[in-house]
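Please read the points below with the model open.

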Amino acid sequence: MNVIIFGPPGAGKGTQSSFLVEKNKMFQLSTGDLLRAELKSGSNLSRQLKEIMDSGKLVSDDIINNLIEKKISDPKVKDNIIFDGFPRNLDQAKSLDLMLKKYEQKISVVFNLKVDYSILIKRISGRVSCSICQKPFNEFFDLPIDPQDCSNDKCAKRELIKRSDDNESTVANRLKTYDNQTLPILDFYSTKGIVKDIDAMKPISNVTDQILGVINDL
Ligand code: AP5
């Protein structure tokens with residue numbers, strides 16, 4: 001089964017994806033994480049990407065679709081993918097449909113994480129993530145206590161790191177981009193009857209339970 005975790009910046013897409021990886025052994029395909037991995041390479045492309053990401057705008061569809069197709073075409077992850085942070089606009093959603101058809105797959109459910117925007121700035125400004133497995137934590141709500149809080153034992157030597165786009169002005173732009181370009185694709189999936197609303201204002205474990213409940217009923 002392939003699923004999309006959908007929601008604004010800071011809604012908890014990465015957090016919930018990491019639980020589905022742990023509990024259901026699914027494969028997380030986060031376009032944000034793939035782009036941040038490219039940033040570390042120091043290539044010409046990485047300098048352009050950093051500028052776009054720090055401005056809160058979207059990276060071009062060509063770059064993103066290319067990254068996505070490389071993963072979707074991998075038989076090891078067939079029908080077991082969590083799309084985290086993708087698609088981000090209508091063109092990406094349509095391209096995803098075509099790619100999935102090409103590789104004989106489909107999306108079973110879109111989890112729509114619903115959160116009041118007032119809480120997002122606090123979630124994002126408190127976000128830190130494990131330097132080894134990238135699992136997100138939060139300085140205000142969810143600091144890791146022991147190595148088991150991460151995905152593997154190697155994380156005992158982790159540092160907790162902050163993202164360069166997690167500052168107030170970039171976040172405001174990311175929210176505008178979400179409202180203008182990303183939110184409209186919910187209609188695209190609603191007409192297919194596969195959107196499930198999730199109350200993502202609840203504590204992290206409750207949100208996970210809501211998601212697992214939907215998956216178990218499918
Ligand atoms: P991306 O990395 O995808 O960022 P985002 O969508 O802005 O989402 P975030 O990662 O900020 O939030 P999240 O929902 O994953 O929240 P998290 O679980 O970390 O994209 C970054 C940039 O890359 C974009 O701006 C764009 O430039 C580019 N990009 C990426 N994909 C692209 C695409 N497809 N096309 C074009 N450009 C693209 O949680 C946040 C914090 O809250 C954490 O600290 C967590 O511990 C805490 N938290 C989570 N849930 C709860 C809860 N229930 N209660 C309390 N705290 C919680």
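1. Strands E1 (residues 2-6) and E3 (residues 81-84) run parallel and are joined by three bridges. Within this pair, Val3 has Ile82 of E3 as its bridge partner. Strands here are DSSP runs of E with at least two residues, helices are runs of H or I with at least four, and both are numbered from the N terminus; two strands pair if DSSP finds at least two bridges between them.

2. This is a predicted model, in which local features need pLDDT of at least 70 and side-chain atom pairs count only at pLDDT 80 or more, while totals for chains, interfaces and linings use all residues. Residues are numbered from 1 along each chain as its sequence is written, and side-chain values use heavy atoms, with hydrogens and water left out.

3. The pair belongs to an open sheet of five strands, ordered E2-E3-E1-E4-E8 with parallel pairing. E2 (27-30) and E8 (195-199) each have a single partner strand, so one side of each has no neighbour in the sheet.

4. The ligand is surrounded by 36 residues, counted when a heavy atom lies within 4 Å of it. Thr15, Lys57, Arg127, Phe137 and Arg174 are the closest. Helix H2 gives the largest share of this shell, four residues.

5. Which atom of the ligand is 2.8 Å from a polar backbone atom of Gly14? An oxygen atom of the ligand is at that distance from Gly14. A ligand nitrogen atom lies 2.9 Å from a side-chain N or O atom of Gln92, and a backbone N or O atom of Lys202 is 2.8 Å from a nitrogen atom of the ligand.

Technical notes: Polar contact = N/O pair within 3.5 Å; in protein donor to acceptor, adjacent residues only side chain to side chain.
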